[in-house]
Amino acid sequence: MSDTKWACLITQPKMVLAAPRKVFEKFLRAYIERFKQQSIDSDQWKEFLYSYFQDKREVLDGVEWDKWFYSEGMPPVIPKYDDSLAVPCKQLCQRWSTSGDNDLDQFAPSDLTSLTSVQVVEFLALLVEQPPLSLIKVQKMNELYKLNDVKNSEVRFRWLRLCIKAQWKEAIPRVLDFVNEQGRMKFVRPLYRDLYGWEDARPTAIENFKKHRDEMHNTTATMLAKDLKLI
């Protein structure tokens with residue numbers, strides 16, 4: 001069972017039983033105490049759940065356990081999460097994605113200053129998944145939000161991907177500086193792949209990789225060589 005599915009399942013008994021938070025927290029503490037320092041399977045967890053809530057067995061029987069344990073795909077029931085922090089990220093992403101190049105006066109530096117760093121990362125991550133922004137938009141975004149000056153690696157990574165997608169040539173040196181600083185494949189592989197996919201940037205990316213290959217972890221270097229079609 002995936003972590004996502006398990007995270008959803010763990011909330012299912014609470015919803016079915018309509019148990020107060022304190023009651024369910026007591027169950028979780030008892031569960032942890034019973035199985036601490038052990039490796040157990042889903043059936044053992046279910047058996048303990050039934051033994052703890054013995055007076056609620058008929059209610060628990062209403063859970064489609066086979067679907068939770070054995071079916072593929074998404075969980076049978078998705079809990080309702082508080083997405084209030086994600087809403088402004090989605091809204092700002094939508095505004096940038098749908099606005100025209102001549103309609104950028106609606107944006108202001110306060111768009112980002114009102115967000116936390118985690119929200120800024122989410123906003124940029126959402127934009128990366130959208131069709132490429134125009135170069136005019138990306139340049140305007142930097143003018144307003146000063147993203148070229150940000151030191152946060154998670155923000156820089158997503159911002160540089162947007163720059164590559166918009167084919168902003170002035171961003172190439174900043175991308176190379178970033179990948180040369182980083183050793184984490186979660187950063188360097190997507191950026192190198194993006195550069196390789198941009199024909200004008202491809203030779204520079206390959207040249208930079210060859211220059212710095214000996215500085216990289218062997219696994220990272222091997223994977224990047226494959227990404228750059230060098231092996």
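## Ground rules

Buried means under 20% relative accessible area, exposed means over 50%, and partly exposed is anything in between (1.4 Å probe, protein chains only).

The model here is predicted, so local features need pLDDT of at least 70 and side-chain atom pairs count only at pLDDT 80 or more, while totals for chains, interfaces and linings use all residues. Residues are numbered from 1 along each chain as its sequence is written, and side-chain values use heavy atoms, leaving out hydrogens and water.

## Salt bridges

A search of the whole structure turns up 11 salt bridges, each being a side-chain nitrogen of Lys or Arg within 4 Å of a carboxyl oxygen of Asp or Glu. One of them pairs Glu25 with Arg21, at 2.8 Å from N to O. These two sit four residues apart in helix α3 (residues 21-35), so about one helical turn separates Glu25 from Arg21. Helices here are DSSP runs (H or I, at least four residues), as are strands (E, at least two), numbered from the N terminus. Glu25 is partly exposed at 30% relative accessibility. Another bridge joins Lys36 to Glu33, with the closest N and O atoms 3.1 Å apart; Lys36 comes out as partly exposed at 46%.

Then there's Asp227 with Arg189, whose side chains meet at 2.8 Å, N to O. This pair ties together distant parts of the chain: Asp227 belongs to helix α15 (residues 218-227) and Arg189 to helix α13 (residues 185-197), 38 residues apart. Asp227 counts as buried, at 11% relative accessibility, and Arg189 counts as buried too, at 19%.

## Helix packing

Two packed helices are described by the angle between their axes and the distance between the axes. For α9 (residues 117-128) and α11, the angle is about 25 degrees and the axes are 9 Å apart. That makes α9 roughly parallel to α11, since angles under 35 degrees get that label, over 145 is roughly antiparallel, 65 to 115 roughly perpendicular and the rest oblique. The axes are lines fitted to C-alpha atoms, for helices over the stretch in contact, and angles run from 0 to 180 degrees between N-to-C directions.

The crossing of α9 and α11 is left-handed: the near helix is turned anticlockwise from the far one by less than a right angle (clockwise would be right-handed).

## Positive phi in the loops

Most residues other than glycine have a negative phi. Lys146 has a positive phi, near 55 degrees, and is found in the loop between α10 (135-145) and α11 (153-165). Lys146 is partly exposed at 48% relative accessibility.

Gln167 also has a positive phi near 55 degrees. Its loop lies between α11 and α12 (172-181), and Gln167 is partly exposed at 46%.

## A surface patch and a buried Trp

Met74, Ile78 and Tyr81 make a nonpolar surface patch of about 370 Å². Tyr81 is in the loop between α6 (65-70) and α7 (86-98) and counts as exposed at 51% relative accessibility. Patch residues have over 30% relative accessible area and no salt bridge; like charges are joined within 9 Å, and nonpolar side chains (Val, Leu, Ile, Met, Phe, Trp, Tyr) within 5 Å. The areas come from the Shrake-Rupley method with a 1.4 Å probe, and for residues only the protein chains shown count as cover.

Trp96 lies in helix α7 and is buried, at 0% relative accessibility. Trp96 and Gln106 are 10 residues apart in sequence and 9.8 Å apart in space, C-alpha to C-alpha.
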